[in-house]
Amino acid sequence: MPGRGRCPDCGSAELVEDSHYSQNQLVCSDCGCVVTEGILTTTFSDEGNLREVTYSRSTGENEQVSRSQQRGLRRVRDLCRVLQLPPTFEDTAVAYYQQAHQLAGIRTARLQKKEVLAGCCVLITCRQRNWPLTMGTICTLLYADLDVFSGTYMQIVKLLGLDVPSLCLVDLVKTYCSSFKLFEASPSVPAKYVEDKEKMLSRTLQLVELADETWLVTGRHPLPVITAATFLAWQSLRPSDRLTCSLARFCKLANVDLPYPASSRLQELLAVLLRMAEQLAWLQVLKLDKRSVVKHIGDLLQHRHMLVRKAFRDGTAEMGAGEKELQGQGQGQGLGDEDVGSSSLELPAGKRPSSPALLLPPCMLKPPKRVCPAPPVSMVTGDEDISDSEIEQYLRTPQEVRDFQKAQAARQAAQGTPNPP
Amino acid sequence: MPASEIAELVPQLHNVVCTVNLGCKLDLKSIALLARNAEYNPKRFAAVIMRIREPRTTALLFSSGKMVCTGGKSEEQSRLAARKYARIIQKLGFPAKFLDFKIQNMVGSCDVKFPIRLEPLVLSHQQFASYEPELFPGLVYRMIKPRIVLLIFVSGKVVLTGAKVRNTFAFSVFQDKKELLHSY
């Protein structure tokens, strides 16, 4: 380049600036001699003018993902870590969250819904991999209301067309029972209350299976049944020391919440066990009650299939015949009386004939809370004449209209003056 | 269950929802002023809520002239009620007509009178059935043909909804019973 000097080697004036590499150089185009070099390193003041490009910006990763979605994805990952789920679960849950976020109805939803959505994706993943996780647990972790959670869950299952299997009761029993703090002695758990985990689990599973067979599980929340079964299993393994312990105290010892329906599930299960005990000859003479039957739970469970068959008769076939009596119209008539009497699981043994009770869900055995009379047959055709008088009863008179307008005006005036004298 | 008993399982209707076009614009404020049985809170909902005693029904009247009538126990009752609302609007001075009357939804119930095991039912009908005992005690069965939703409970009571024609219910109930008869 003219005016930039000459090459010290060959004297040529053809010098070119080579900024091809990271270091600027002035090079002679004739002989290739490097006349001058630029600075390889930067000074402090130079670096002040440099702009660093972060990795995520250089890859453009975050340009396609909104802030709320990023927050949601972080939430999904945090939930998976808190629940100690396998890594593959996290990937699936994240994928579901991303799919859900693309739906218009979810993208524009409130933050509360998006928070809950993270829990829904984790729950769906766990259900599909048969990992027992209840909605109650997720709601507790999210501090969310079950109503909000259920709405979002049903919506997302429908929108994404997902196939979500039911919660496996056996797995739930194993997980839930393992959370009871009764397998090691501690200052809060005396030695007589400590139990072997495997024994307790095995007996609880048998009791839950019995509850399922006798219609105590279908249509009900699973946890209260499992809590009641765990309590009975624990009591029956050492009844002499544990019969005095109540369900509430048991849950407190085990450091587990007591679900409200657990007490009634417990009573139902005890009633079933009492019915079964009546079929065992050596227990009939003992005149057992709901406390003493606990001591014999081991024997009852050992023969449970046979005892259930003997203690209960199939309610399905009986329903048609005995249905009117069971409806609780208060008209026991012969066979009806016996059916009503034997259908109540609460009556003490010995006070009525030991005919097998109906094996039906408790909701079918209780009399209805209110009698629903059959509606009268309507002869309306839809084309009847409509009388003027009938319509006029729904119209205001001119005086009523004036009065209504005065009242409205007075109300508006009162609302207009917030601090009346 | 013998075939004769299946045939007798006619669902009892509890609610019929219909729509009708009154064919004229409505001044909702003036309707709320002139009618005794109307309520109107524009900040909460942009329609007048009107009720009549016989048939015991509720109607939503929109400013476009469209009306929704709910609470009828049969298609005929629903039609009679809709006609009465239209007559009330006429008496209030609007040129109301009775166009495009259509039954939109019917809700009924029936009782198969035997208990139903919901867990195996949801396993065998996974693509149609949804059962979440933590949320709701009944099984939600979305039938495709006919397009009906059934709520099936352990007690054997079934709630049906989504039909626009009464016969749809009877057909769906019959199909449903055939499936439920043997295993559950």
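Colleague: Where does Pro55(B) sit?
Modeller: Pro55(B) is in the loop of chain B between strand 3 (48-52) and strand 4 (57-61). Keep in mind that this is a predicted model.

Colleague: And what is the peptide bond from Glu54(B) to Pro55(B), cis or trans?
Modeller: That bond is cis, and its omega is near -5°.

Colleague: What about the bond from Lys145(B) to Pro146(B), cis or trans?
Modeller: The bond from Lys145(B) to Pro146(B) is cis, with omega near 0°. Pro146(B) is in a loop of chain B, the one between strand 8 (139-143) and strand 9 (148-152).

Colleague: Why point these out?
Modeller: Most peptide bonds are trans.

Colleague: OK. How many helices and strands does chain B have?
Modeller: Chain B has five helices and 10 strands. Of its 184 residues, 48% are buried.

Colleague: How much accessible surface does chain B have?
Modeller: About 8800 Å², and carbon and sulfur atoms account for 56% of that.

Colleague: Switching to chain A. How many helices and strands there?
Modeller: Chain A has 22 helices and five strands. The chain is 421 residues long, and 40% of them are buried.

Colleague: What share of the contacts in chain A join residues at least 24 apart?
Modeller: Counting contacts between residues at least 6 apart in sequence, 61% in chain A join residues at least 24 apart. For chain B, counted that way, the figure is 60%.

Colleague: Let's do helix packing. At what angle do helix 3 and helix 6 of chain A pack?
Modeller: Helix 3 (residues 67-82) and helix 6 (residues 111-128) of chain A pack at about 40°, and their axes are 9 Å apart. That angle makes helix 3 of chain A oblique to helix 6 of chain A. The crossing of these two helices is right-handed.

Colleague: Which residues make the contact?
Modeller: From helix 3 of chain A, the residues are Ser68(A), Arg71(A), Gly72(A), Arg75(A), Val76(A), Leu79(A) and Cys80(A). Helix 6 of chain A brings Leu111(A), Lys114(A), Glu115(A), Ala118(A), Gly119(A) and Val122(A). By class, the contact of helix 3 with helix 6 in chain A has six nonpolar, three polar and four charged residues.

Colleague: And helix 10 with helix 14 of chain A, at what angle do they pack?
Modeller: Helix 10 (residues 197-213) and helix 14 (residues 262-277) of chain A pack at about 85°, with axes 11 Å apart. So helix 10 of chain A is roughly perpendicular to helix 14 of chain A. Leu207(A), Leu210(A) and Ala211(A) of helix 10 make the contact with Leu269(A), Val272(A), Leu273(A) and Met276(A) of helix 14.

Colleague: How many nonpolar, polar and charged residues in that one?
Modeller: Seven nonpolar, no polar and no charged residues for helix 10 with helix 14 of chain A.

Colleague: Last topic, the backbone. Is phi of Trp215(A) positive or negative?
Modeller: Positive, near 65°, and Trp215(A) is not glycine. Most residues other than glycine have a negative phi. Trp215(A) is in the loop between helix 10 and helix 11 (222-237) of chain A.

Colleague: Is Trp215(A) buried or exposed?
Modeller: Trp215(A) is buried, because its relative accessible area is 5%, and the cut-off for buried is under 20%.

Colleague: What is phi of Asn130(A) near?
Modeller: Phi of Asn130(A) is near 55°, also a positive value in a residue other than glycine. Asn130(A) is in the loop between helix 6 and helix 7 (135-142) of chain A.

Terms used: Residues are numbered from 1 along each chain as its sequence is written. Chains are lettered from A and ligands numbered from 1 in the order in which they are written. This is a predicted model: local features need pLDDT of at least 70, side-chain atom pairs count only at pLDDT 80 or more; totals for chains, interfaces and linings use all residues. Side-chain values use heavy atoms; hydrogens and water are left out. Axes are lines fitted to C-alpha atoms, for helices over the stretch in contact, and angles run from 0 to 180 degrees between N-to-C directions. Helices (H or I, at least four residues) and strands (E, at least two) are DSSP runs, numbered from the N terminus. Angles under 35 degrees count as roughly parallel, over 145 as roughly antiparallel, 65 to 115 as roughly perpendicular and the rest as oblique. A crossing is left-handed if the near helix is turned anticlockwise from the far one by less than a right angle, and right-handed if clockwise. Contact means heavy atoms within 4.5 Å. Ala, Val, Leu, Ile, Met, Phe, Trp, Tyr, Cys and Pro count as nonpolar, Asp, Glu, Lys and Arg as charged, and the others, Gly among them, as polar. Buried means under 20% relative accessible area, exposed over 50%, partly exposed in between (1.4 Å probe, protein chains only). Accessible areas come from the Shrake-Rupley method with a 1.4 Å probe; for residues, only the protein chains shown count as cover.
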